[in-house]
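Please look over this two-chain model with me.

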Amino acid sequence: MKILVCISNVPDTTTKITFTDNNTQFNTNGVQFILNPYDEIALSRAIELTEGGKGSVTVINVGEANTEPTIRKALAIGADDAVRINAKPHDAWFVAYQISQYVKQNPFDLILTGRESIDYNGSKVAGMLGELLDIPSVSIIKKLDVDGDKGTVEREIEGGKEVLAIPFPFVAGAAEGVAEPKIPNMRGIMSARTKPLNVVEAAEIKNNSEILSYETPAPRGQVKLVAANEAEKLIGLLHTEAKVI
Amino acid sequence: MSVLIYTENAEGKFKKSTFEAISYARAIADQTNTNLVAISIGDVADDQLNLIGKYGADKVLTVSNAQLKNFVNQAYASVIASAAKKESADVVVLSNSFSGRGLAPRIGVKLEAGVADGAVALPETTGDKFTVKKTAFSGKAFATVQLTSPNKVIALVPNSYHVIEKPAAGIIEAFSAETKESDFKAMVKEIVRSTDKVSLPDAEIVVSGGRGLKGPENWGMIEELADLLGAATACSKPVSDAGWRPHSEHVGQTGIAVSPNLYIAIGISGAIQHLAGISSSKVIVAINKDPEAPIFKVADYGIVGDAFEVVPQLIAAVKEYKASA
């Protein structure tokens with residue numbers, strides 16, 4: 001079983017988000033970049049599924065050379081090899097297209113992504129990749145098991161879950177519950193340095209979206225405090241002033 | 001040209017988020033002087049279908065057959081894209097629900113359309129410019145994205161647009177969709193829905209508990225308060241990581257981002273990752289014994305006090321309020 005895990009390089013979850021150039025650029029100054037937490041879950045599950053000689057895990061990233069520490073982290077966690085498509089990841093369409101071109105040349109049984117990247121939150125690469133390769137895609141999964149040449153996934157739906165059986169190959173976006181994130185051990189970190197990382201040039205495509213500007217949420221006003229023994233006053237305020245109950 | 005709205009249903013019924021998306025799509029159609037066509041897939045009774053016209057659809061296409069009874073991502077995307085082609089729709093709107101997030105990218109590729117997921121406001125359409133405000137950085141920011149392709153797909157975040165009644169013809173018409181065999185490779189084995197609970201992404205009120213509640217055995221009062229308010233229950237990351245509550249309740253940067261009218265945070269200190277997930281809430285109430293807790297920086301109302309004393313009082317106050325209302 002050959003598994004491909006698509007990974008992205010994102011700002012650490014504790015990052016305070018600010019912008020520069022008249023709010024048109026994300027301010028990366030002093031920002032620590034990490035392996036997208038959902039991709040880490042996908043990768044951890046891929047490693048579990050292939051442990052004991054049951055297959056191999058390749059990670060793929062669309063990014064410039066500055067994403068290599070994150071790719072090496074994925075190798076340290078346990079991926080067998082890595083591919084970097086050398087381009088700035090313009091948007092989900094660009095990323096999905098580049099990965100689809102690679103997969104058409106190098107087929108995989110199972111392709112995993114995170115449910116979304118924590119920077120642009122699009123949840124789009126999995127579905128676009130599925131469409132480009134004409135294979136099934138599941139956007140947000142909470143559980144993934146493999147049996148022979150098919151997978152069983154549990155998908156989140158509003159107020160419940162849906163269980164699906166899907167023959168290989170397919171694409172799925174992993175969310176919490178799929179696996180506990182693995183922490184690299186010393187052997188992993190040492191071996192990551194020598195594992196293959198192939199750099200591939202990107203194909204040219206026409207973009208269909210551009211981010212023009214950013215803004216941060218409007219600041220909230222001062223908190224209105226109610227004394228601990230006056231709960232009924234709070235309910236009153238929520239009813240008459242905030243009008244939410 | 002026209003605008004196409006996919007009206008998602010859950011077991012044959014439309015949810016509030018679907019009506020929000022219809023109202024939103026109607027506003028885009030008005031803005032661009034065109035018609036609004038809806039597409040409904042699966043078994044939906046006429047009384048439900050008639051509601052689509054009430055919120056502004058000129059025409060309602062329906063597709064129903066045994067194969068399409070349950071949601072199949074690939075097949076539904078094919079149906080919606082073929083409806084868009086038939087109706088010459090250049091804008092396709094759907095709800096940014098779990099299913100919508102699976103459909104939008106596939107439809108985008110089929111229609112060679114730019115996709116604006118996580119939309120929180122009406123697009124600006126001046127001249128040939130088409131821009132949409134969407135969530136970014138997991139609730140820590142918004143991005144204005146320009147869709148530069150002739151076709152566009154927009155997925156609207158629940159609770160970010162009002163339901164507006166705007167009766168239109170809403171003529172119901174059967175639609176025979178083009179699907180292919182390979183669209184049906186994924187087989188639904190089981191669907192589990194807890195119908196007695198409010199679903200978190202759709203909820204108008206959310207009652208959320210954190211580590212301050214000390215253990216899963218203390219969630220009874222959270223559930224009681226939520227039940228009384230018709231709210232969904234939620235939790236912070238440490239709580240779901242500890243296994244006190246399921247991951248599906250985790251609100252925050254790496255969990256679910258919510259946008260309810262009222263978010264009540266109980267025993268949650270307000271780490272930056274949690275605040276990201278609740279930043280779109282209209283009103284935030286914080287209950288925490290630490291007056292310095294960061295949650296009070298974003299809260300509109302707060303009580304500094306012990307959750308174990310305050311929550312039972314709140315429950316009593318809500319009961320009293322409901323009895324008098």
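Two strands pair if DSSP finds at least two bridges between them. Helices (H or I, at least four residues) and strands (E, at least two) are DSSP runs, numbered from the N terminus. The model is predicted: local features need pLDDT of at least 70, side-chain atom pairs count only at pLDDT 80 or more, and totals for chains, interfaces and linings use all residues. Residues are numbered from 1 along each chain as its sequence is written, chains are lettered from A and ligands numbered from 1 in the order in which they are written, and side-chain values use heavy atoms, with hydrogens and water left out.

**The sheet**

Strand β16 (residues 262-266) of chain B runs parallel to strand β17 (residues 283-288) of chain B, and five bridges join them. B:Ile266 sits opposite B:Ile287 in β17(B). β14(B) and β15(B) are also parallel, joined by four bridges. Here B:Gly209 has B:Cys235 in β15(B) as its bridge partner.

Which strands make up the whole open sheet, and in what order? Six strands line up as β15(A)-β18(B)-β17(B)-β16(B)-β14(B)-β15(B), with parallel pairing. The edges are β15 (224-226) of chain A and β15 (232-235) of chain B; each has a single partner strand, so one side of each lacks a neighbour in the sheet. On average, neighbouring strands are turned by 20° against each other, direction ignored.

Contact means heavy atoms within 4.5 Å. Axes are lines fitted to C-alpha atoms, for helices over the stretch in contact, and angles run from 0 to 180 degrees between N-to-C directions.

| Helix | Strands touched | Angle between directions |
|---|---|---|
| α5(B), residues 220-229 | β14 (205-209), β15 and β16 of chain B | about 175° with β14(B) |
| α9(B), residues 307-324 | β16, β17 and β18 (301-304) of chain B | about 130° with β17(B) |

In a regular strand the side chains alternate between the two faces of the sheet. β15(B) is covered on both faces: B:Ala232 and B:Ala234 are buried on one side, B:Thr233 and B:Cys235 on the other. Buried means under 20% relative accessible area, exposed over 50%, and partly exposed in between (1.4 Å probe, protein chains only).

**A helix pair between the chains**

Helix α4 (residues 125-133) of chain A packs against helix α4 (residues 98-110) of chain B at about 40°, with their axes 7 Å apart. The two helices are therefore oblique to each other. Angles under 35 degrees count as roughly parallel, over 145 as roughly antiparallel, 65 to 115 as roughly perpendicular and the rest as oblique. On the α4(A) side, the contact uses A:Gly127, A:Met128, A:Gly130, A:Glu131 and A:Leu132. On the α4(B) side, B:Pro105, B:Arg106, B:Val109 and B:Lys110 take part.

B:Gln146 lies in strand β10 (residues 141-147) of chain B. Is B:Gln146 buried or exposed? At 15% relative accessibility, B:Gln146 counts as buried. Its contacts include A:Asn208, A:Ser209 and B:Phe130, not counting residues up to four places away in sequence.

B:Lys197 belongs to the loop between β13 (187-193) and β14 of chain B. Its relative accessibility of 42% makes B:Lys197 partly exposed. B:Lys197 touches B:Glu223, B:Thr233, B:Arg245 and B:Glu249, with residues up to four places away in sequence left out.

**Chain A overall**

Chain A has six helices and 15 strands. Of its 245 residues, 54% are buried.
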